[in-house]
Amino acid sequence: MTGATLIAREEWRALLRNRAGLVATALLVLLVLVASFTSLERHSSIEADRAHYQATVDHAFDQQPDRHPHRMVHYGQFVFRPIAPLAFFDSGVDSFTGNIIFLEGHRQNSANFAEARQSSLLLRFGQLTPAFVLQTLAPLLLIFLGFASVARERERGTLRLMLAHGINGRELLLGKLLGHAAIALAVGLPAFIVLLGFALAGAAAWPETLLMLGGYSAWLLLWVLLSVSASALVQRPRDALAVLVGLWMVVVILLPRVLPEVAAARISLDTKIETEIVLHRELAAIGDSHDPEDPYFNEFREKVLAEYGVESIEELPVQYAGLVGIEGERLTSAIYAEAASRSAARESAQNRFVHAFSALSPLLAIRQLSMTLAGSDAGAHSDFLQQAEDFRYRFVQQLNRMQAELLPGISGEDPRISATYWQDIPRFDYQALDPLRRQEDILWPFVVLVGWIGGLLTIAAFAAQRLERIAK
Amino acid sequence: MTPVHAEALLLLKSGRNLVALLLLVALSVAAVWSGSVQVSGQQEVIERVAQAQEEDLAAVEQAQAGPRGDPGYAGYYAFMLTQDPPPALAFAAMGLRDLQPYVLRVRALGLQQQLYDAEIYNPELALPGVFDWAFVLVYLTPLVIIALAHDLVTGEREAGRLRLLLSLPGGGVWRRRVILRYLLVVIALGLPLIVGACLAAAPMTGTAAMLLTAALYCAFWFGLALLLGSLLRASTTAAAAMTGCWIVLTLILPTLGNAVIARAIPAGKGIDLTLAQREAVHAGWDIPKSETFERFFSSHPQWREKGQFEGRFHWKWYYAMHQVGDEAVAEDVVAYRTSLIAREDWTRRLGYVLPGVGAMTIVHRLADTDQLGQFAYQDSIAGFHEKLRHFYYPYLFNDRPFTRADFNQIPRYAPRVQSDSLAVVSLLMLMLVAALLAYLGARGIARVSGVQ
Amino acid sequence: MSDKQQHSAPGPAIAIENLQHRYEEKAVLHGLNLDVHSGEIYALLGGNGAGKSTTLAALLGFIAPSAGSVRVCGIDPVTEPRRARAQLAYVPENVSLYEHLTARENISYFLALADAGQGTDRRTDQSTDRIEPALQAVGLAADAWDKPLAGFSKGMRQKTAIALALARDVPVLLLDEPTSGLDPRAVLEFNQLLDTARERKVAVLMVTHDLVSAVDIADRIGFLAEGRIEEEQQASAQSVRFDLNALHDRYTHPGAAA
């Protein structure tokens, strides 16, 4: 047995004899389990709620009576965002985004009823998910278990004794690192087992699960390296504790809160009201379909007449108003899409600004990685919005086409088409965004985490050398 | 040199204590500054939106008003701006203002389909929560207190100075040390707050109540620090145990409480009422118009005589249908609000036993930036919406044209009266908990500072 | 040093009569009798667990003895610990003061602490008047006065602590193992210091197990064993004031009374 493994074993024995350390570790394990359980329970209730609502509104749509198709354009459809399977592990921004959208013709409504807007301020303390425990609390536990690892030996004089007995600084530090790395993985184990169980049950994909395991292992190892290195670099255990808790506070609590403020101050988002006003103005600039003198719609009319080879609107085989509806929807959707992409570009610029600091606060990296893999990040949400908008455009245009094509055959002052047509209208079929297609969002966090680990290993190597010199 | 002077010198010459205090000053100043930036950002947004909205309204007026202007079209296109400017103390406690809309446009159609619209915000930025004075108070100050107070007696013992200190005739050394540290912490928190409050022209009483809350919350943590410091022999163990307490009290129990409250009190009625309102409004097209009018007239009897019209469509029916849609979901609206208020109530009750949650509740109630503030804004929008509807009804039911002059008569929204209040019970409970811990801490110190 | 306080009460400055103390069922002191007079240096010798520390604790008012009486300048430290402590200065074993303060700052700090609650008469800032002569008296080099204690040797720390005791300017001085860990030169300097204290009519009680040092400086030596004074010897006027060999036997074989 080498010196390093001896020291690692000694470190485990020390932990087993440290009652406070054991209690804290047990508490964290318990917390992971409680978080997994409550989060899973919450997740399945959200899932059931949303599925139930979706089924209800879909059924209601089918049950609508005979109507003018344009009425159905405004009756619209509600869509609910299904929650991603791994969102129980990391609920990400799910509570901060509206997960229900009302889709109707020529309007883009906001996604509403975000949980955070319906909750008291308590939600702002954080949400109890396994990810919260691993990201926020596990580092602190690792600090408590590791801050004294080397400084303790130095303070008690056992360090000199060990060096005198021929163990070199490199071996000593390696042993401490091995010991605490094993402890860290043990701390993460309950959460990892929950994840693996999910993958085994087929509820989560293997690549995401394994990447998640890899990311969190790197995150936990990073804190082991930090606490053992700090312990080796300072004189007294209490100094190590102060430095590490301070670092934790800055990296895990402070920077993640401060950076968004800076980002928001640097890049501002337009309000929905301003966007709507601009849209309205741009639409008005294109033309007014009700104005017989309007150049844009006159040209449109000529084009339609030419297409059907007729002289006047009355001779058209289709309803002209329906065609204008299709054209209007095309125009408004294009303008909406442009505004939406402008807004999305600003949001992602804000997020990029924050992510750029993940080199400073690796929490941002693990958070990004975890949310992306769990399918609960802002990117997945904007993908949902995009899919909802594409769907909205399709079904609204289908109804408009029904109006154009079916109405000419129906007379009367209140023309309606049969309710059976509503069942031809597609239902929203959400395709969850595959996290693996977002290589950059996965790769970068790993680069940051591995970079930190590399940097800390260098520091640890330096600390190991210094250990021998200082012990004299 | 007076003893207090001597203690101050001793404290400030110690690197760790000085760093901890300077850090707190820096954080507190930065938080007040950041809060002020957010407040002025929101004010700018309100001004910007108001400007754009004025132009939009002018364009609607241009398009719709005329000697034969149709009030139905005017009311349909004329959105009216409501705004909720940041309360004076919002800089210290932004609360939910980063999520909840503080500008919202409404028109005289169904209110319930307009009221819950979300403003644009970046969910990823909102996720970690705002950086403001309340955050520094609730989360970070305890850590500074831990650094300052965890080894008050044990540190002296470990350094071998305890017997010498105790052999001196002068008394009150621990009292002086604790009070000095306590006052410095409260000043570090309080001065930036006072400066911010002066700049924001915030009310004296609210600011004073915030200071009192901070003082009590700090007293709680000092008490806890002294108590644990007296129970545990080693100062490092004491520091670790205190950080553990901090994690449990400000991270674990609140998140657990939130999970329980969210689960126990579902807020699904918001979605229910939105869906029900849609059904009500759209069913209106398929049922006889007289049915819709009948329901409308039962709540608006003054227009009962004006229900007839020629042809298939009249705006007065359209507006009546929207109002009937709102009335159809009135029960759901109440149930929805009740569930949200229940969540607030239980959060407040949780604050009776968790000082962090209690302090959070009190300062945000003082700043009027919590959920109750948002309710007050929604209620004022509802009041304004009613005024707006009743403004259009005479034009619609009397078939009066809507002219340019009438455009100038459209009611404008006046910002709500602030609904801030002092959460008295929460404050009393915080006082009680702080007093208890301060007493236990003092007793603990008295015990360990005796002979060993 | 100008306003030296002389205790006015008659009798010895330290008077311990039939002192008994139990510590968790175990008797530590039983029937200790001890007097130290002004201008006298008394060395209390004893092995580990003989009750030396308990005796000091009783004088400092840290413990309430089970029986017997303790008086410091006629004041009972049990009932009036503050008044009693105002009469004495205590130098603990292994002196540690504040590492980040200078010698001058340390003394100034502890003086301020000692003066707290002592009425206004001594509040007036005379600290410089009191500190510098004390530092001078203990022979701490002047260039060290304003250096942080972190860089001090053990002897320098000892001097700083004794300077503090001198600056306190009190009639009774309690020293706990004052010479432990000092090199011979520092012990010599320390002995000279005690001579100064004797000249100033201070009553000094030093608790020690260092026989040689006690022999060098003490006026009287008491052997503490099993919680009482087994034997007491007075220094003679000759140059060899004690019989070291006899004392050594006495010390290493307690209980074998002659």
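Visitor: Hi! Which two chains have the most contacts between them?
Guide: Hello! In this predicted model, two pairs of chains touch, and the pair with the most contacts is A and B.

Visitor: How many residues does each of those chains put into the contact?
Guide: Chain A puts in 71 residues and chain B puts in 74.

Visitor: And on the chain A side, which elements give two or more residues?
Guide: They are α2 (19-62), α3 (69-75), α4 (115-118), α5 (130-146), α10 (237-266), α11 (272-286), α13 (320-355) and α15 (378-406) of chain A.

Visitor: Which of them gives the most?
Guide: That would be α10(A), with 15 residues on the side of chain A that touches chain B.

Visitor: What sort of residues make up that side, by class?
Guide: On the side of chain A that touches chain B there are 41 nonpolar residues, along with 17 polar and 13 charged ones.

Visitor: OK, over to chain C. How many residues of chain B and chain C are in contact?
Guide: Here 22 residues of chain B meet 28 residues of chain C. On the chain B side, the elements giving two or more residues are α1 (3-13) and α7 (162-167) of chain B. By class, that side of chain B has eleven nonpolar, eight polar and three charged residues.

Visitor: How much of chain B is buried?
Guide: Buried residues account for 55% of its 452 residues. As for contacts in chain B between residues at least 6 apart in sequence, 87% join residues at least 24 apart.

Visitor: Which residues touch the most other members in the largest nonpolar core?
Guide: Those are B:Leu89, B:Ala92 and B:Phe222, in a core of 261 residues.

Visitor: What is B:Leu89 in contact with, leaving aside neighbours within four places in sequence?
Guide: B:Leu89 is in contact with B:Ala197, B:Ala202, B:Gly206, B:Thr207, B:Met210, B:Leu366 and B:Ala367.

Visitor: How many residues are in the second core?
Guide: That separate core has 82 residues, including C:Leu59, C:Ile107, C:Leu149 and C:Leu205.

Methods:
Residues are numbered from 1 along each chain as its sequence is written. Chains are lettered from A and ligands numbered from 1 in the order in which they are written. This is a predicted model: local features need pLDDT of at least 70, side-chain atom pairs count only at pLDDT 80 or more; totals for chains, interfaces and linings use all residues. Two residues are in contact if their C-beta atoms, placed from the backbone, lie within 7 Å. Helices (H or I, at least four residues) and strands (E, at least two) are DSSP runs, numbered from the N terminus. Ala, Val, Leu, Ile, Met, Phe, Trp, Tyr, Cys and Pro count as nonpolar, Asp, Glu, Lys and Arg as charged, and the others, Gly among them, as polar. A nonpolar core is a set of buried Ala, Val, Leu, Ile, Met, Phe, Trp, Tyr and Cys residues joined through C-beta atoms within 7 Å. A residue is buried if 20 or more other C-beta atoms lie within 10 Å of its own, exposed if 12 or fewer, and partly exposed in between; C-beta atoms are placed from the backbone.
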